[in-house]
Amino acid sequence: MMPRPIKLNVSWVGAVDWDRRLFDALIPLPDGTSYNAYLVQGSQKVALIDTVDPAMTEVLMGYLKDVPAIDYVIANHGEQDHSGSIPTVLAAYPNARLVATPKGKDVLMSLLQVPGEKFVTVNDGETLSLGDKTLEFIHAPWVHWPETMLTYLKEDGILFACDLFGSHLATTDLYVIDEGQAYEAAKRYFAEIMMPFRTSIEKHLERLKDYKLDIICPSHGPLHKKPSFIMDAYRTWVLDPPRNTVVLPYISMHGSTQRMVEYFVAALVSKGVTVKQFNLEATDLGKLAMALVDAATLVIGTPTVLVGPHPHVASAAFLANALRPRLEFISIIGSYCWGSKAVEQLTGMIPNLKAEVLEPVICKGLPGEEELKALDNLADTIAEKHKERGFV
Ligand code: FEO
């Protein structure tokens, strides 16, 4: 395959991974992904921006076979899905220098054992001339790791954003064409990867207002010829108030918690609250993460297993805690037989969720009149609180 041109002397040289179904041995990738690398050929120097996952190094090297010289390899991010082919590229182009932030140098020396003398470290705002093309480096910590940076090609108005603005989507389309599909994939990606870093992203979005952006080239998924599409989506996910929605992940072993969930969902719906219900036996964790992006309330449903919450519920709670969604309220419902510390254990697992804890409803065996009344009260409280805050 030939490199795919983006602008004059700027090309996509990445790899599409149609078959990958899991990232970090955790995150589901129902639509595969891509590892985008870019070749920028200036009048005097040539730069390769990012590389590809080591499983697909040969694809990248195939694109580079007719490229006689690479002067700089720009490493926007140290994670191996972008950096993993750097050693092969440096071996093929021994005169190339590796460009990274100082923290990026530390990460790459540690993860890939690249010798220190190969590096040129760049400060925030520093530029690098390729002749008729100029790269500006924008330090952007925490999109996705602390060492991440963005690279801006001034003359062409192209932002090489690495993980920021990406999507796990395998496609032959170089650019976003189907905005509905692209929005869904980008939101899933935001939920799974970027949500914990909303505060940093807010600052980066503000800073990027000063740049003229013609094209955003992320390191996963299709490119954005209409930068406002993805930037507006990020503004919504980062800045908008949460919605009048309850996310309800749960497990039921013998039907008691299931009965509580069904009653509670009906009560919430009757009060005008949207509910996103996830049976953790069946759900894709990415769908759960997406629902958490803009929900106001999380209610966890669990039976008691050996005094604590069901392990699948504990795992989902741990993930929610790590993703730090902007929840305002949390509660727990569920059933036990002879004794339970599920509420204490679950609330201890979610210290990052700075939300008000609403009175849990835990019952012995099947829910009776008293417990159903308690579920009605919890639904009333949630509906009222959402209304008070103006969530729609
Ligand atoms: Fe796509 Fe953080 O790597």
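How many helices and strands does the secondary structure of the protein chain come to?

## Overall make-up

The protein chain has twelve helices and 23 strands; helices (H or I, at least four residues) and strands (E, at least two) are DSSP runs, numbered from the N terminus. This is a predicted model, in which local features need pLDDT of at least 70 and side-chain atom pairs count only at pLDDT 80 or more, while totals for chains, interfaces and linings use all residues. Residues are numbered from 1 along each chain as its sequence is written, and side-chain values use heavy atoms, with hydrogens and water left out.

The C-alpha trace spans about 80 × 40 × 35 Å along its principal axes. Of the 392 residues, 56% count as buried (under 20% relative accessible area; exposed is over 50%, partly exposed in between; 1.4 Å probe, protein chains only).

## Aromatic pairs

Rings of Phe, Tyr and Trp (its six-membered ring) pair if their centres lie within 6.5 Å; planes under 30 degrees apart count as stacked, over 60 as edge-to-face and the rest as tilted. The count by this rule is ten aromatic pairs. One of them, Phe-190 with Trp-237, is tilted, at 5.3 Å centre to centre with 40 degrees between the planes. Phe-190 lies in helix α5 (residues 179-194) and Trp-237 in helix α7 (residues 227-239), so this pair ties together parts that are 47 residues apart in sequence.

Phe-190 is buried at 0% relative accessibility, and Trp-237 is buried with a relative accessible area of 1%. Both belong to a cluster linked by ring pairs, together with Phe-165, Tyr-183, Phe-229 and Tyr-234.
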